[in-house]
Amino acid sequence: MVVIKRDKTNMAEDKIGSLEEEALKRKERLQALKKKTEDNKENQNDSVSTLPKPKFRSYKPQDDSLKDKVLEDAQPGNVEEEVQDQLSAAVTKVVIEELDISNLAPRKPDWDLKRDVAKKLEKLERRTQKAIAELIRDRLKQEQHDWAAVVNVATNDQTKNHS
């Protein structure tokens, strides 16, 4: 087995080698950053030519080349007509023809639950009505048989009494 002893000089050379590599990487990053900033400056110079044109609202420029960019003064509206319109609107009385009280009354806390269950309750109501009708039919059928027996007994009693 071969043992390689590293001297302190070899370790120092390894550290120096790694430091040099890091320095090279740093230089590359800086150059890339510098190139990026130069590209941004060029783009900014291009955008300077596309800046919006100034509009002078309340400032009167002294330069003759800028005087054509001055906006005209705004003309005030006719306030008297607007006031007359508002006064005439206030004089006319607004009549509420129909007032739905249910819209004004506060809703009960469970109104949304009732709304959601209403569809299911309709189905149950239909089924309940069918079941009740069926029960009534069954009772009528049973009573008809009983009535038939009662009628037969009654007729037999009458025939016995008459004979």
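This is a predicted model: local features need pLDDT of at least 70, side-chain atom pairs count only at pLDDT 80 or more; totals for chains, interfaces and linings use all residues.

User: What makes Asp85 exposed?

Analyst: The relative accessible area of Asp85 is 51%. Exposed means over 50%, and therefore Asp85 is called exposed. This residue is found in helix H2, which covers residues 79-91.

User: Why is Leu87 called partly exposed?

Analyst: Leu87 has a relative accessible area of 48%. Buried requires a value under 20% and exposed a value over 50%, with partly exposed in between; Leu87 is therefore partly exposed. Leu87, too, is found in helix H2.

User: What makes the patch of Glu80, Glu81, Glu82 and Asp85 negative?

Analyst: Asp and Glu count as negative. The surface patch is formed by Glu80, Glu81, Glu82 and Asp85, and it is therefore called negative.

User: How many helices and strands does the chain have?

Analyst: The chain has 4 helices and 0 strands. Read along the sequence, its pattern is α-α-α-α.

User: What share of the chain counts as buried?

Analyst: Of the 163 residues, 1% count as buried, a term that means under 20% relative accessible area. The chain exposes about 17,000 Å², of which carbon and sulfur atoms supply 55%.

Terms used: Residues are numbered from 1 along each chain as its sequence is written. Side-chain values use heavy atoms; hydrogens and water are left out. Patches are made of residues with over 30% relative accessible area and no salt bridge: like charges are joined within 9 Å, nonpolar side chains (Val, Leu, Ile, Met, Phe, Trp, Tyr) within 5 Å. Accessible areas come from the Shrake-Rupley method with a 1.4 Å probe; for residues, only the protein chains shown count as cover. A salt bridge is a side-chain nitrogen of Lys or Arg within 4 Å of a carboxyl oxygen of Asp or Glu. The place of a charge is taken as NZ of Lys, CZ of Arg, CG of Asp or CD of Glu. Helices (H or I, at least four residues) and strands (E, at least two) are DSSP runs, numbered from the N terminus. Buried means under 20% relative accessible area, exposed over 50%, partly exposed in between (1.4 Å probe, protein chains only).
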